[in-house]
Amino acid sequence: MGIELDPSPELAQYAHPHKLVTSAWLGGKLGLPDLKVIESDEESLLYDIGHIPTAMRICWDKDLNDSPHRDFIDGAAFARLMQSKGISRTDTVVIYGDRSNLWAMYTLWVFELFGHPDVRLLDGGRDAWMQEEKEISYAVPEFPATEYPKVTRDDSTHRIFADELQSRLEEFQILDLRDPVAFSGSSPEDTTAHNSVNVSRTGHIPGAANLSSSANLYPNSRFRARAELDQQLHSALAGQDRQLQPTGPTVVYCTDGARAAGQWFTLHHLLGWENVRLYDGSWVEWGNRVRAPIAHGDASASA
């Protein structure tokens with residue numbers, strides 16, 4: 001572990017409080033040599049109109065994706081990215097972004113695929129920082145290159161591929177983070193997705209329950225208290241005649257993986273569900289996949 005943990009009392013309630021930091025804690029630590037701050041936005045140009053001092057930009061689409069293979073970059077490319085940003089394996093990395101940390105949580109999830117030892121999320125993200133009118137900067141920091149090691153990406157602990165999911169459907173608790181209309185199959189358009197996608201079929205993965213990721217957050221973009229998160233989840237599932245077990249193998253998906261990454265963070269780090277995997281292919285892949293089973297109907301009818 002790098003820099004000391006944020007001791008803020010409001011974080012102690014979560015299963016893994018070391019995964020979050022408050023804006024007050026971060027503001028007091030800016031400038032420490034072993035702290036690296038990353039902004040990862042849906043709209044990357046936001047960085048140019050002001051960002052947290054010392055923060056560097058990582059574009060989730062350009063920097064972390066291997067587009068020809070529709071996959072993430074490999075260990076060698078991730079090491080080069082870290083080296084170019086001046087991030088060492090022992091640094092504490094704090095990630096934040098726009099839209100209530102939507103893609104920041106996705107970026108954090110990728111960091112965890114590469115096993116970076118100390119990566120944390122700024123609770124509330126860019127939204128909260130700006131609402132509090134805290135200091136911003138226009139300077140793009142440059143840090144000396146590091147010798148970040150090449151690390152093999154772990155695609156088994158927090159990630160699942162379509163082949164395994166399809167072959168073991170009945171073994172998983174599956175959560176769909178798309179809007180109810182897309183989930184039911186009555187419309188191909190998911191209004192909560194960050195952009196439009198071309199999918200040949202509508203519906204949802206059989207056995208899935210439907211959740212809204214926005215229910216995890218207060219209006220100021222910070223996470224709800226742990227008891228509220230538990231209650232929100234219980235109420236949503238009860239309305240669909242579902243009861244999930246925190247110890248059960250769980251898969252989360254959405255349209256493109258972003259909101260599902262947020263639900264993964266909530267379940268795994270805040271509520272302590274240890275066996276949660278993100279299907280990052282999500283409906284973009286499943287809806288176009290040959291012979292992949294689908295179901296239709298609203299959330300209560302799909303139980």
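Tutor: Helices (H or I, at least four residues) and strands (E, at least two residues) are DSSP runs, numbered from the N terminus. One such run is helix H2, in which Gly75 is found. The model is a predicted one: local features need pLDDT of at least 70 and side-chain atom pairs count only at pLDDT 80 or more, while totals for chains, interfaces and linings use all residues. Residues are numbered from 1 along each chain as its sequence is written, and side-chain values use heavy atoms, with hydrogens and water left out.

Student: Why is Gly75 called buried?

Tutor: Buried means under 20% relative accessible area, exposed means over 50%, and partly exposed lies in between (1.4 Å probe, protein chains only). Gly75 has a relative accessible area of 8%, and therefore it counts as buried.

Student: Which residues is Gly75 in contact with?

Tutor: Contact means heavy atoms within 4.5 Å. Leaving aside neighbours within four places in sequence, Gly75 is in contact with Phe114, Lys150 and Val151.

Student: Why does Glu112 count as buried?

Tutor: Glu112 lies in helix H3. Its relative accessibility is 15%, so it counts as buried. Apart from residues up to four places away in sequence, Glu112 touches Lys19, Val119, His158, Trp264 and His269.

Student: How do you know that the span of H3 agrees with its number of residues?

Tutor: The expected span of a helix is 1.5 Å times one less than its number of residues. For the 16 residues of H3 this gives 22 Å, and the end C-alpha atoms are 22 Å apart, which means that the two agree. H3 is mostly covered, with 15 of its 16 residues buried. After H3 comes Gly115, whose phi is positive, near 65 degrees.

Student: What makes a set of residues a nonpolar core?

Tutor: A nonpolar core is a set of buried Ala, Val, Leu, Ile, Met, Phe, Trp, Tyr and Cys residues joined through side-chain atoms within 4.5 Å. The largest one here has 55 residues, and those with the most contacts inside it are Leu175, Phe223, Val252 and Phe265. Several elements each supply at least two residues of this core, including helix H2 (75-85), strand E6 (92-96), helix H3 (98-113) and strand E7 (119-122). H3 gives the most to this core, with ten residues. A second, separate core of 17 residues includes Ala162, Leu169, Ala292 and Ala299.

Student: What makes E6, H3 and E7 a right-handed unit?

Tutor: A crossover is right-handed if, with the strands pointing away from the viewer, the path from the first strand over the helix to the second runs clockwise. E6, H3 and E7 make a right-handed β-α-β unit in this sense.

Student: How do you know that E6 pairs with E7?

Tutor: Two strands pair if DSSP finds at least two bridges between them. Three bridges join E6 to E7, and these strands run parallel. In E7, Val119 is the bridge partner of Val93. Strand E2 (residues 35-39) is joined to E6 by five bridges, again in parallel, and Lys36 stands opposite Val93 there.

Student: Which strands are joined to E8?

Tutor: Four bridges join E8 to strand E10 (residues 250-253), in parallel, with Gln173 opposite Thr250. Two bridges join E8 to strand E9 (residues 209-210), also in parallel, with Leu175 opposite Ala209.

Student: Why does Asp280 count as buried?

Tutor: Asp280 is placed in the loop between E11 and helix H9 (282-286). Its relative accessibility is 11%, and so Asp280 counts as buried. Among the residues it touches are Phe72, Tyr106, Trp109 and Arg159, with those up to four places away in sequence not counted.
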